[in-house]
Every structure is written in structure tokens, then in C-alpha cells.
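Colleague: Please take a close look at one part of this model, the aromatic pairs and the helix packing around them, and go through it in one connected account.

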Amino acid sequence: MSPLRLLQMLACCALAAPVSGAAAAAYPAKPVRMIVAVPPLTEALGQTVVIDNRPGANGNIAYEMAAHAVPDGYTFVLVAAGVAINPSLYRELRYDPVRDFTAITLGVAVPNILIVHPSVPAASVPELIALAKSRAGQLTFASAGNGTSGHLALELFKLRAGMDAVHVPYKGGGPALAEVVAGQVQALFSLALAATPQIKAGRVRALAITSGKRSAVAPELPTVAELGFPGFEVIGWFGWLAPAKTPRGIVTRLNAEIVKALNVPEVRERLLSQSTEPVGNSPQDFAAFIKSEHDKWADVIRRAGIRMD
């Protein structure tokens with residue numbers, strides 16, 4: 001089961017759990033709708049939480065629907081990092097990631113791993129930068145597509161390292177990784193979940209991880225930050241938001257139930273086994289994180305001149 005499907009199940013099971021006393025009478029008193037921006041689940045997850053799948057437009061369809069839903073606690077949305085990034089990529093969106101949502105909790109963080117094909121004569125990040133500078137405009141980096149986590153990691157890396165490289169976008173992380181494995185493209189910032197099996201098989205070489213500190217999913221890998229780029233952090237992530245002005249008591253309840261589910265030992269073990277780090281933080285911390293992600297990537301996108309429309 002993928003981490004994303006597990007997160008959807010966690011939210012459903014957490015809210016389906018019975019509670020006693022006044023809390024049970026107050027909320028939830030009717031089915032809760034969780035909007036998601038991915039294709040539908042096949043599993044039956046119960047009746048308390050209704051999965052409303054709204055894929056397309058890089059998540060924007062789901063995010064706009066959730067932003068304009070009635071803020072009564074009966075609609076919330078499973079979001080990816082794009083909810084904070086997309087407003088800087090698209091000119092006309094009908095939501096603001098800070099103004100139009102109430103944060104519930106950050107669910108998981110998925111770091112990127114900087115990988116290269118074994119034929120690339122660079123065994124470290126400094127060597128890769130030196131190689132790029134010696135071959136200006138010749139080193140090629142794949143990505144899962146324009147505006148994706150791996151693409152933005154590349155643009156931030158180029159800005160911080162003062163180097164140039166050729167961006168080669170693909171339609172998805174699978175094709176991008178396959179081209180690096182085949183040696184058609186030289187490097188890639190790949191989500192750890194996808195890269196780890198290829199690293200273990202020796203088909204690609206891992207140079208660094210993009211988490212802010214060394215990750216439990218690959219503790220032997222140095223971070224880009226510790227290799228001379230303090231503050232460098234690029235992660236894919238999933239979390240839950242509700243429409244702005246959702247009652248605080250309901251947000252607190254949602255947060256408590258989802259965080260409790262994330263901390264079940266079996267859940268944590270499964271997520272970590274898939275190179276995904278469970279988080280489960282406070283609504284205030286998640287709100288601050290979203291704002292920081294929005295501001296950071298708005299600056300990178302502006303400086304790199306990236307647009308999606």
C-alpha cells in the first residue's frame with residue numbers, strides 16, 4: 001500500500017473511532033467529506049468519512065473546492081506540497097494557501113535524494129558542482145515535470161551553487177528515474193520512496209538527501225545543507241487542511257485523532273519502510289510551515305522564471 005493511500009485510510013479510521021460523552025454528541029454528527037486530489041481508492045473505508053476524489057490540474061481542482069467549502073468541520077482536504085507552491089506557478093487560482101485554509105496537521109515528509117548515473121564522474125556534491133561548472137550547460141537533470149518537487153530542488157540547487165545545468169522534464173517521476181537509470185540523463189532529485197530501491201540495486205549513485213537534517217530513511221547520506229548550503233531543504237509532503245474559519249474545537253479534534261493514528265507503532269514502521277517520515281504536528285506549526293513553503297518557493301520560482309500558464 002502506498003503512503004498516500006495509508007494516509008487516507010488513517011484519516012478515515014481516526015474519525016470513525018467512537019468517542020464518548022459530549023464530544024460524541026457534538027461532532028461529527030453526520031458524514032465528513034475528505035477531498036483528495038488523486039484517483040479513487042478501491043478499499044471500502046467505512047461510512048463516517050466520504051472520500052471525494054477530485055484529481056487534475058496539479059491538485060488545484062481539489063484545493064479550490066476545499067477552500068470554498070462551508071467551514072463547518074464536515075469538509076477537509078488531503079493536500080500535497082503543491083498547495084503552497086501552485087499559487088506562484090499559475091496566474092489565476094481561486095485559493096490562497098495561507099488565507100483560505102485552516103491547518104490541521106502535517107502528515108508525512110518525503111525527502112528527495114540527489115542521485116546520478118554511475119557513469120557520472122562525481123562521488124560527492126562538491127564534485128558534482130565542480131563537474132557542472134567545468135561543463136557549463138552540459139550536465140543534465142531529469143525531473144517529474146515542471147514545477148514538481150524535484151524540479152524546484154534543482155532550481156534552488158543551481159541558485160545556491162552558482163552553477164548551470166539542463167533541465168529535462170518528464171511526465172512523472174517514474175519515467176524520469178528510468179531515464180537516469182538508463183544513463184540517458186545524468187542526474188535527478190528523486191523522491192526517496194522511488195530512488196531507494198535503485199540505489200540499493202546499484203543502478204544509481206546517491207550523493208545527498210534534501211531534508212533539513214539527516215533522515216531516518218537514509219541516515220548514512222549527508223544532507224545538502226551540511227555540504228555547504230545551510231538552510232537547504234526540499235521535501236515532498238502531505239497534510240490535512242480545512243476551510244478557513246472552521247471552528248477551532250473541531251480542528252483540535254481532527255488534529256488529535258489524526259496525530260494519534262500517525263503515532264501508532266505499526267503505522268510509523270510502515271511509513272518509514274517506504275522512505276516516508278511521519279510527522280503529526282500542531283495546527284499552528286503546520287500553518288507556519290505552509291507559509292514558509294509558500295514564501296520560499298515563490299522566491300525561487302520568480303528568480304528561475306518558471307511559469308505553468
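Modeller: The protein has eleven helices and ten strands, taken as DSSP runs (H or I of at least four residues for helices, E of at least two for strands) and numbered from the N terminus. This is a predicted model, in which local features need pLDDT of at least 70 and side-chain atom pairs count only at pLDDT 80 or more, while totals for chains, interfaces and linings use all residues. Residues are numbered from 1 along each chain as its sequence is written, and side-chain values use heavy atoms, with hydrogens and water left out.

Of the 309 residues, 50% count as buried, where buried means under 20% relative accessible area, exposed over 50% and partly exposed in between, with a 1.4 Å probe and protein chains only.

Now the rings. Rings of Phe, Tyr and Trp (its six-membered ring) pair if their centres lie within 6.5 Å; planes under 30 degrees apart are stacked, over 60 edge-to-face, and the rest tilted. By this rule there are eight aromatic pairs. One of them joins Phe 157 and Phe 232 edge-to-face, at 6.3 Å centre to centre and 85° between the planes. Phe 157 lies in helix α6 and Phe 232 in the loop between β8 (205–209) and β9 (235–243), 75 residues apart. Both Phe 157 and Phe 232 are buried. The pair of Trp 237 and Phe 286 is also edge-to-face, because the ring centres are 5.7 Å apart and the planes stand at 90°. Here strand β9 supplies Trp 237 and helix α11 supplies Phe 286, 49 residues apart. Trp 237 counts as buried at 1% relative accessibility, and Phe 286 is buried at 0%. Phe 157 and Phe 232 also belong to one aromatic cluster with Phe 141, Phe 189 and Phe 229.

Helices α6 (residues 149–161) and α11 (residues 283–304) pack at about 75°, with axes 10 Å apart; axes are lines fitted to C-alpha atoms over the stretch in contact, and angles run from 0 to 180 degrees between N-to-C directions. That makes α6 roughly perpendicular to α11, a term for angles of 65 to 115 degrees. Leu 152, Ala 153, Glu 155, Leu 156 and Leu 159 of α6 meet Trp 297, Val 300, Ile 301, Arg 303 and Ala 304 of α11, a contact being heavy atoms within 4.5 Å.

Trp 237 is also among the contacts of Val 83, beyond four places in sequence, together with Tyr 63, Tyr 95, Pro 97, Phe 101 and Leu 241. Val 83 is in helix α4 (residues 82–89) and counts as buried at 0% relative accessibility.

Methods: Angles under 35 degrees count as roughly parallel, over 145 as roughly antiparallel, 65 to 115 as roughly perpendicular and the rest as oblique.
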